Structure formats: structure tokens, C-alpha cells
Amino acid sequence: MLSHRELMTTIDIRPVILPVSLDAGNNSGIWMPVRNFARVAFVYFADVGTAAQDVTLTARQARDGSGDGAKNLVAISKVYSRESTAALPSDWTVITQPIAATWTSATGGESNELAVWELDPALMDVAGNFDWATIDIADPGAGTGKLGCVLAIGLRARYASDRPATAA
């Protein structure tokens, strides 16, 4: 059986967008170094808002953690989603689209929503030294406050320095 300690030796979890009222303006994500992970999963979670508050996530890439040379990352073709106006369903809905830099929830404005997008670092502009990624969330518009956040999970860290420190 895989323990918490064993799991944390192969992944890294970082905040990208801290819990915030998404309708207070555009939300720029914190940069995640992706070069030393086999994949990076971006996890978006938000509560119920209004029908006019469907959320658009934009994948971005940069050369470093300060956002040097930031540009859109055309890499979103599949998103796993759970959404409901009540409790989230137990099954995932797989949403596919032509590869793009953005994904917009079709009915997520009026729902509790959990969405996951996995980045394959091979889709980044490696030749241009782009090895940092993030997710930005556009202002979904007026309405009641819609709280949301994004986490990044680096999967299968290649080097010890990319894993959390070992607790004594």
C-alpha cells in the first residue's frame, strides 16, 4: 500500500491561484517549474456562482518563475470535470476539444466545479527555453462572488530537489 510519505517522494504540490473571488478581476497564476516532472496536473476548484460566470482557464508558459517571455501555451485538448449545483458527482466527465491555450466551462458558472488538466511538458516551447507553466483565470463577469483556486501537482519528480523535504 502506498503511504502519504511514499506519495510525496514522487510529487510536488504548489499553489497557482490561492482561493479568491474570481469575479474581482483577471487572476494570474503563480509559475510552476515543469521541466523536472513527467507531467503536471493543474487542478481548478470553484464554488457555485451564477449562470453568467462560466470560467475560462488559459494555459501560459514562461522562461522562468518571474514570467520572462510569457506567452500562451497551446496544450489543452482534454479536461476532466466534475460539476453540480449540489454535491460533486462521483464520476468524471471527460471533455475533449481541439488543442488550444484555453478551456471554458460550459455550465460551470452556476455549479460547484472541479476540473483537471494534465500538461505534457513536451508540448512546451523547449527550444525557446520555456519550462515554467501556469493557469490564468479570466474575470468571469459580474454576479455573486464565485470563489475558486488552482493547484499544480508535479507528477513523477525526476530529482530530489523537486520533492518536498523529508520529515524527521
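This is a predicted model: local features need pLDDT of at least 70, side-chain atom pairs count only at pLDDT 80 or more; totals for chains, interfaces and linings use all residues.

Reader: With which residue does the side chain of Arg14 meet in a salt bridge?

Author: The general idea is that side chains of opposite charge can pair when their charged atoms come close. Here the partner of Arg14 is Asp12, with an N to O distance of 2.7 Å. Asp12 is buried, at 10% relative accessibility.

Reader: How many salt bridges does a search of the whole structure find?

Author: The search finds seven. One of the salt bridges is that of Arg35 with Asp131, whose closest N and O atoms are 3.6 Å apart. Arg35 lies in the loop between β2 and β3, and Asp131 in the loop between β9 and β10, so this pair ties together parts that are 96 residues apart in sequence. Arg35 is partly exposed at 39% relative accessibility, and Asp131 is partly exposed at 21%.

Reader: Which strands hold Glu118 and Arg39?

Author: The side chains of Glu118 and Arg39 meet in a salt bridge at 3.2 Å, N to O. Glu118 belongs to strand β9 and Arg39 to strand β3, so parts 79 residues apart in sequence are tied together by the pair. Salt bridges that share partners join Arg39, Glu118 and Asp120 into one network. As for accessibility, Glu118 is partly exposed at 35%, and Arg39 is also partly exposed, at 27%.

Reader: Which backbone oxygen does the side chain of Asn27 reach?

Author: The side chain of Asn27 reaches the backbone oxygen of Leu22, at 3.3 Å. Leaving aside residues up to four places away in sequence, Asn27 touches Ile17, Val20, Ser21, Leu22, Asp136 and Ile137.

Reader: Finally, which residues make the nonpolar surface patch?

Author: Val74, Ile99 and Leu123 make a nonpolar surface patch of about 260 Å². Residues in such patches have over 30% relative accessible area. Leu123 has 41% relative accessibility and so counts as partly exposed. Leu123 lies in the loop between β9 (112–119) and β10 (132–137).

Technical notes
Residues are numbered from 1 along each chain as its sequence is written. Side-chain values use heavy atoms; hydrogens and water are left out. Patches are made of residues with over 30% relative accessible area and no salt bridge: like charges are joined within 9 Å, nonpolar side chains (Val, Leu, Ile, Met, Phe, Trp, Tyr) within 5 Å. Accessible areas come from the Shrake-Rupley method with a 1.4 Å probe; for residues, only the protein chains shown count as cover. A salt bridge is a side-chain nitrogen of Lys or Arg within 4 Å of a carboxyl oxygen of Asp or Glu. Helices (H or I, at least four residues) and strands (E, at least two) are DSSP runs, numbered from the N terminus. Buried means under 20% relative accessible area, exposed over 50%, partly exposed in between (1.4 Å probe, protein chains only). A polar contact is a pair of N or O atoms within 3.5 Å; within protein, one must be able to donate a hydrogen and the other to accept it, and residues adjacent in sequence count only if both atoms are side-chain atoms. Contact means heavy atoms within 4.5 Å.
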